[in-house]
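Subject: A structure for you to look at

Hello,

I am passing a structure on to you, and I hope you enjoy looking through it. Please open it first and then read on.

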Amino acid sequence: MLRSFEISAPGKIILHGEHSVVYNKPAIAGPIGLRTYFNFQETSNDFITFSYERLQLTTKLSIKNANLLLTELDCHEAIPPIDFLQKFRSSTEFILNFIEVDNQRKLNDKEQMAVGATLYIFNRVLRNEKIQNIKTSFDIKIDSDMSIGAGVGSSASYGVCLAATFFAFSKLIHGEFSRDFLFTDDDLAKISQWAFDSEVIMHEKPSGIDNTICTYGQLIKFSRGQTPEPIKTNATIDILLVDTGVSRSTSQVVRKVVEFRDKHLKLLDAIFDAMGYLVDDVVTVLEGSSDKYQELAPLVSVNNNLLRSLNVSHPQ
């Protein structure tokens, strides 16, 4: 019997502390009601097929090439994600030569990153789970409710689904997978770390907040390198998100802030300090009496102006 399962993960929104979180300041973030979906289906052919619905792209990895990928490259111990990224920027052939692209068309930069991250996490997860040879072919259909490049965590949600799907596949190979299979806390920690590795490939210097939210799905106060702190609100808060339809590259925006900070270190660090203080004030309001929630409005305005001072807000 051919087995199947579905993995999904939410997107995220950083309410306060965007950009400053990269510099070890706290941030507030939580999941949104939009998700990425991976549908896994075993097949009886000799190919692993990835169908990227939003990109209108299909790639195939033969079982022979999958095993070559697992034996010739060691993305678990020998190639950390930042080294993979640097190598990938120099030449994509070392990894993309393993696959076949539908209609043999040339991949654009966004598609190359998606496929490169897929193959890297495939290798990293399976080698971590002591798998260097597979016999099972399968199809993975990848779809998402989210716009790409909209700042709602589409890449982190994708990374979580990648990691969780390949980890579940490893359990299937080891005979440890069943229809009622649930990830343990230790499993989720692995998945979050692998999703972070995927984010390194996508964005180079992620903070870790996106993969954390997309793995665990809680409203949290997050500081880099520290255990996330759940925020306990005393009432439901409805937050309206508007997709402007203006796409941007997270890695380019982050790099822009890095360059700005290199020129004006004390100025930018003062702005980041202010963003950290604002996060602390917002948490105090959120965890206090709900009749004080109107105090959030001016803090939201201050946050937007701080982002504007970093020159990362849209001119319109």
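Below are some notes on what turned up in it.

This is a predicted model, in which local features need pLDDT of at least 70 and side-chain atom pairs count only at pLDDT 80 or more, while totals for chains, interfaces and linings use all residues. Residues are numbered from 1 along each chain as its sequence is written, and side-chain values use heavy atoms, with hydrogens and water left out.

Helices (H or I, at least four residues) and strands (E, at least two) are DSSP runs, numbered from the N terminus. In helix 2, residues 81-90, the buried residues are Pro81, Phe84, Leu85 and Phe88. They sit on the same side of helix 2, because they cover an arc of only 100 degrees around the axis (the arc is that of the directions from the helix axis to the C-beta atoms). Buried means under 20% relative accessible area, exposed over 50%, and partly exposed in between, with a 1.4 Å probe and protein chains only. Helix 3 (93-96), helix 4 (109-128) and helix 6 (185-203) are among what covers these buried residues; contact means heavy atoms within 4.5 Å.

Next, the rings. Rings of Phe, Tyr and Trp (its six-membered ring) pair if their centres lie within 6.5 Å; planes under 30 degrees apart count as stacked, over 60 as edge-to-face and the rest as tilted. The count comes to 16 aromatic pairs. One of them is the edge-to-face pair of Phe84 and Phe94, with 5.4 Å centre to centre and 65 degrees between the planes. Phe84 belongs to helix 2 and Phe94 to helix 3, so this pair ties together parts 10 residues apart in sequence. Both Phe84 and Phe94 are buried. The charged end of Lys87 sits over the ring of Phe94, 4.6 Å from its centre; for this, NZ of Lys or CZ of Arg must be within 6 Å of the ring centre and within 35 degrees of the ring normal. Likewise, the charged end of Lys60 sits over the ring of Phe47, 5.4 Å from its centre.

Now the strands. Two strands pair if DSSP finds at least two bridges between them. Strand 3 (residues 47-52) and strand 4 (residues 57-62) are antiparallel, with 6 bridges, and Ser51 stands opposite Thr58. Their hairpin has 4 residues between the strands, and Gln56 in it has a positive phi near 55 degrees. Strand 4 is also joined to strand 5 (residues 100-101), running antiparallel, by 2 bridges.

Lys130 has a positive phi too, of about 65 degrees, although it is not a glycine. Lys130 lies in the loop between helix 4 and strand 6 (137-144) and is exposed, with a relative accessible area of 71%.

Finally, the interior. A nonpolar core is a set of buried Ala, Val, Leu, Ile, Met, Phe, Trp, Tyr and Cys residues joined through side-chain atoms within 4.5 Å. The largest has 59 residues, and Ile48, Leu61, Ile95, Phe122 and Ile134 have the most contacts inside it. Helix 5 (residues 154-173) gives the most to this core, with 12 residues. A second, separate core has 29 residues, including Val21, Val22, Met275 and Val283.

Best wishes
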